[in-house]
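Subject: Structure for your files

Hello,

The structure you asked about is below. My notes on it follow.

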Amino acid sequence: MSGKIEKTASMDAQLRLLAPGKVSEDDKLVEYDALLLDRFLDILQDLHGDEIRETVQDCYEICAEYQRKRDPRKLDELGEVLTGLDPGDSIVVAKSFSNMLNLANLAEEVQIASRRRIKLKKNDFSDEASATTESDLEETLKRLVGQLNKSPEEVFDALKNQTVDLVLTAHPTQSVRRSLLQKHARIRDCLTQLTAKDIIPDDKQELDEALQREIQAAFRTDEIRRNPPTPQDEMRGGMSYFHETIWKGVPKFLRRVDTALKNIGINERVPYNAPLIQFSSWMGGDRDG
C-alpha cells in the first residue's frame, strides 16, 4: 500500500502519529481510544487472524490520512482495499469498524465524565456559556443570585413552579439492542475504573481481562434486530432505562438540587408535591414503521 504508515507495537503510538493535534488538545481521550482499540484489534486477530487485523488497520490508517490531508487519492486507495475483499471478509471489516466507532463513542463518554469530575473538584466552570453540557447546577444557581441579582427566594419559587416532562419514545425501526447497550455500559464502567489513578496492579489486571471479555461479547453480538419490535419489546426497552439509569439518577439529582439551594441560603427542600421531573411515555403509540 503506497504511503502506508509503518506499523508500531501499540495502537497508541499509531494514533499519536496520525493525529498529533488531537494529542495536544486532549491526551486522555487518545489514551482511552488507544486502550480500547488495542484490546479490540487483539480480539479481532484471535477470532479472524492476522490478515483481517492488517486489513482493518490499513483501512483505519487510510481514513486517518484522508481526514488529515483531504487527499482524494486516499479514497481511491480505500476503495481498492475494500473492493478486493471477498463477501465474508467485507462483513467482518464492516462490523469491525462499527464496533470501533462504538468504542470511540464510549471513550469520549468516559473522557467527558472525567473532565466534569476534574472541573467539579476545581470548581471551574468558566466555559459554561460556550459549553452548556458542562454546566453545574450549584454554579448556575449562584450565578442567578450573584450576577443576575435574583433573590434566593425567587430562585426557589421558580424551581417549585416548573416541571420538566421527559417523554420516553422508541421508533419501531430502532436498531440498538438492549443487550448491546448493557455490554456498552459495562465497557464504559471497566474503562472508568481501569484508568483511575489509585488502581492497584491486581485490580488493573482483573479489570483489563473483564474489559476484553465485554469487548469480545459486544463484537460477537448481532447489532441488528432481525424482526420489528412489538409494543411489548418497546416497553421493555424503555423500562430498562428506569432500572439502569433513572432509579439512581433522579434521586441523586434531587439531592444535588437541595444542596445547591442550601448553598445559596435556602434551608428548605423542594416540596414532594412539586415534581421537578416527571416522565411520560409514547412507546408503542407510534406504529408508523
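Buried here means under 20% relative accessible area, exposed means over 50%, and partly exposed is what lies in between, with a 1.4 Å probe and protein chains only. Helices (H or I, at least four residues) and strands (E, at least two) are DSSP runs, numbered from the N terminus.

This is a predicted model, in which local features need pLDDT of at least 70 and side-chain atom pairs count only at pLDDT 80 or more, while totals for chains, interfaces and linings use all residues. Residues are numbered from 1 along each chain as its sequence is written, and side-chain values use heavy atoms, with hydrogens and water left out.

Overall

The protein has eleven helices and two strands. Read from the N terminus, the order is α-α-α-α-α-α-α-α-β-α-α-α-β. Of its 289 residues, 35% count as buried. Contact means heavy atoms within 4.5 Å. Among contacts between residues at least 6 apart in sequence, 71% join residues at least 24 apart.

The expected span of a helix is 1.5 Å times one less than its number of residues. For the 20 residues of H4 that gives 28 Å, and the end C-alpha atoms are 28 Å apart, which agrees. The buried residues of H4 are Ile 52, Arg 53, Thr 55, Val 56, Gln 57, Asp 58, Cys 59, Tyr 60, Glu 61, Ile 62, Ala 64 and Glu 65.

Helix H9 (residues 178-194) has 17 residues and reaches 24 Å from its first C-alpha to its last, close to the expected 24 Å. Its buried residues are Leu 180, Lys 183, His 184, Ile 187, Cys 190, Leu 191 and Leu 194. Seen down the axis of H9, these fall within an arc of 120 degrees, so they line one face of the helix. The arc is that of the directions from the helix axis to the C-beta atoms.

Backbone

Most residues other than glycine have a negative phi. Just after H4, Arg 70 takes a positive phi of about 55 degrees; its place is in the loop between helix H4 (50-69) and helix H5 (72-83). Asn 149 lies in the loop between helix H7 (137-146) and helix H8 (152-160) and counts as exposed, at 65% relative accessibility.

Two buried side chains

Arg 39 is found in helix H3 (residues 27-48) and is buried, with a relative accessible area of 17%. Not counting residues up to four places away in sequence, Arg 39 touches Asp 208, Leu 211, Gln 212 and Ile 215.

Leu 159, in helix H8, counts as buried at 13% relative accessibility. Leaving aside neighbours within four places in sequence, Leu 159 is in contact with Val 257, Leu 261 and Leu 276. Leu 159 and Ala 274 are 115 residues apart in sequence, with their C-alpha atoms 8.5 Å apart in space.

Grid points are joined across faces, edges and corners, and a volume is the space filled by probe spheres set on the points. For residue classes, Ala, Val, Leu, Ile, Met, Phe, Trp, Tyr, Cys and Pro count as nonpolar, Asp, Glu, Lys and Arg as charged, and the others, Gly among them, as polar.

The largest pocket has a volume of about 1,400 Å³. It is lined by 35 residues, of which Ala 113, Arg 188, Thr 245, Gly 249 and Lys 252 lie nearest its centre. The elements that give two or more residues to this lining are H6, H7, H9, helix H11 (231-262) and strand E2 (277-281). H11 gives the most, with twelve residues. The lining of the largest pocket has 14 nonpolar, nine polar and twelve charged residues.

Regards

Key:
On a 1 Å grid over the protein atoms alone, a cavity is a set of points where a 1.4 Å probe fits but cannot get out, and a pocket is an open set with protein on both sides within 12 Å along at least five of seven lines; lining residues have an atom within 4 Å of a point.
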